Amino acid sequence: MTAGRTSLSSRHQAFLTAATTAAGLSFAAPAAAHTTEGGIVLLLPTEYYIAGGTIAVALTFLLLLFVPARLFHCLVRWRKRLGSGPALPPLIGSSISFAVLIALLIAGLIGSRDPLANPLPLAVWTLFWIGLTILQALSGDIWAVINPWIAPYRLLLRLLGRTADAEPLLRYPNWLGYWPAVLGFLAFGWFELVDLAPADPERLAFALVIYTDITLVGMILFGERVWLSKAECFSVFLGFIARLSPLRRTGGTWSLAFPGATLAEAGPLPLSGVLFVLLTLGTVSFDGLDRTFWWLDLGGINPLDFPGRSAVTGQNSFGLLAMWAALSGAYAVAIWLGQRLSRTGADSGTALGAFVLSILPISLGYHFAHYLTTLMVNGQYAVLALNDPFARGWNLFGLEGRHVIVSFLADFDSVAVIWKLQAAAVVGGHILALAIAHMIAVERYGATRAAFLSQIPLAALMVAYTLFGLWLLAAPSAG
């Protein structure tokens, strides 16, 4: 459910018999998928599907008990060299990206008022937030090369008579940690899910200008490296996501690693970093909850006659914070219980920061599943909008007269494939999270038994969240 969805609907009833995961996932009960501008209700049998996915995650955790600790040590450190290759210098990539950003801002101010015809909202909500996040997890830290704020920051330094390697004007205080990133991502989540018109091109353009100004001021005051790694929420988020990639680049050499293995080598995050990671999961989860019939019914709203965002502003503001708080509380309890079970004498506060990065595959898996149909439909709108970015009658790519295709959302076979991909993403994300959490536990405690015991409560939380995530995908939602 992204900003601005069209109301489309299509119903299908049948039974899927093909297995979709190693646990033999099958489908049997109503489910819903959705995309841009509204809920697209696609009824598919999913009861066995939900049960199978949940069981698959639970069985994976039990199987970890029989895996030797030395194998996890090997997986964490395993690398296969792929070869060397040239890389785009960050300054060049940033310059190109910043030029694109300026063009998009201009389009937002003078282009079409239609969010599905203006390239700015489509670039932000579809290509950047959905597409780049997924690409980052597959291909590594692309954002570090195309970050649009590096080039203007370096230019401002020159104008101020300073060099990139000069000491920053102010020292970044340790107590500040990731709190600026937490506030930035919370504001981003609120703007996407609660604001009355986050896809309005002009409104979005002004928001981006304000955020760019804040980012550049922060970089000038505290330095490029520390501000982007601790305070700028998108660089922090995408930097964490890049650690899930199986592709690693060291110097000029590319290598292959076990997905997420570098998370096991990362040191514990401070409390602010823990809350940031949990906020990213809570935000995308609430994005799946906020239009469900169940959630709207809590506010006394008829989901079949949805009055618009203004009717749920207060409820959704509370819901976003409540989802974050509930997830944070459940995670803290799971870690505390795990430390008591393992009897290792390890500090629970340190464990909070050590294991939270294992949550990232869950966040990414649900991100992919939740936004898949949005990417498939709005990605087409984005290409058509870029064909005439300023609404001047241009035909840059020769696409004039072309239309967005959504027929695959009305075809049972296509819908079945979409649901299999969504299932694999949600269940696979949880399975990978279990594996990474166990890697971290083995790295911390060594003995498989102690590592296994420490993970029982966290695994129970992940199993419950698997059920919750699959239920969100299956729950009917309002347009």
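Author: Before the first question, one cut-off is needed: a residue counts as buried under 20% relative accessible area, as exposed over 50%, and as partly exposed in between. The model is predicted.

Reader: Is Gly308 buried or exposed, and what is its relative accessible area?
Author: Gly308 is found in the loop between α13 (293-298) and α14 (313-342). The cut-off for buried is under 20%. Gly308 is therefore buried, with a relative accessible area of 18%.

Reader: How many Å apart in space are Gly308 and Leu196, C-alpha to C-alpha?
Author: In sequence, Gly308 and Leu196 are 112 residues apart. In space, their C-alpha to C-alpha separation is 8.4 Å.

Reader: What share of the residues in the chain is buried?
Author: The chain contains 18 helices and three strands. Among contacts between residues at least 6 apart in sequence, 78% join residues at least 24 apart. Of the 479 residues in the chain, the buried share is 54%.

Reader: Which residue in β3 is the bridge partner of Arg249?
Author: Strand β2 (residues 247-250) and β3 run antiparallel and are joined by four bridges. In their hairpin, two residues lie between the strands, and Gly251 takes a positive phi near 65 degrees. Across from Arg249, the partner in β3 is Trp254.

Reader: Which residue in β3 stands opposite Lys80?
Author: Strand β1 (residues 79-84) runs antiparallel to strand β3 (residues 253-257). Five bridges join β1 to β3. The residue of β3 opposite Lys80 is Leu256.

Reader: Which residues does Val356 touch, not counting residues up to four places away in sequence?
Author: With residues up to four places away in sequence left out, Val356 touches Leu269, Val274, Val277, Leu278 and Tyr331.

Reader: What is the relative accessible area of His438?
Author: His438 lies in helix α17. Leaving aside neighbours within four places in sequence, His438 is in contact with Leu64, Phe72, Thr448, Ala451, Phe452 and Gln455. His438 is buried, and its relative accessible area is 0%.

Reader: How far apart are the C-alpha atoms of Leu64 and Leu434?
Author: Leu64 lies in helix α1 (residues 47-64) and is buried, with a relative accessible area of 8%. Not counting residues up to four places away in sequence, Leu64 touches Phe72, Leu434, His438 and Thr448. Leu64 and Leu434 are 370 residues apart along the chain, yet their C-alpha atoms are separated by 8.7 Å.

Reader: Which element gives the largest share of the lining of the largest pocket?
Author: About 960 Å³ of space lies in the largest pocket. Of the 37 residues that line the largest pocket, the closest to its centre are Val124, Phe128, Trp149, Leu208 and Phe234. The lining divides into 33 nonpolar residues, three polar and one charged. Its largest share, eight residues, comes from α4.

Reader: Which element gives the most to the lining of the second largest pocket?
Author: The second largest pocket has a volume of about 800 Å³. Of the 31 residues that line the second largest pocket, the closest to its centre are Asp141, Trp143, Ala144, Gly239 and Ala242. This lining divides into 18 nonpolar, seven polar and six charged residues. The element that gives the most, with five residues, is α10.

Reader: What is the phi of Ala391?
Author: The place of Ala391 is in the loop between α16 (360-387) and α17. Ala391 is partly exposed, with a relative accessible area of 40%. Most residues other than glycine have a negative phi. Ala391 has a positive phi, near 55 degrees.

Methods
Residues numbered from 1 in each chain as written. Predicted model: local features only at pLDDT ≥ 70, side-chain atom pairs only at ≥ 80, totals over all residues. Heavy atoms only, no water. Pairing = 2+ DSSP bridges. Contact = heavy atoms within 4.5 Å. 1 Å grid on protein atoms, 1.4 Å probe; cavity = no way out; pocket = protein on both sides within 12 Å on 5 of 7 lines; lining within 4 Å. Points joined across faces, edges and corners; volume = space filled by probe spheres on them. Nonpolar A, V, L, I, M, F, W, Y, C, P; charged D, E, K, R; others polar. Buried < 20%, exposed > 50% of the residue type's maximum accessible area, 1.4 Å probe, protein only.
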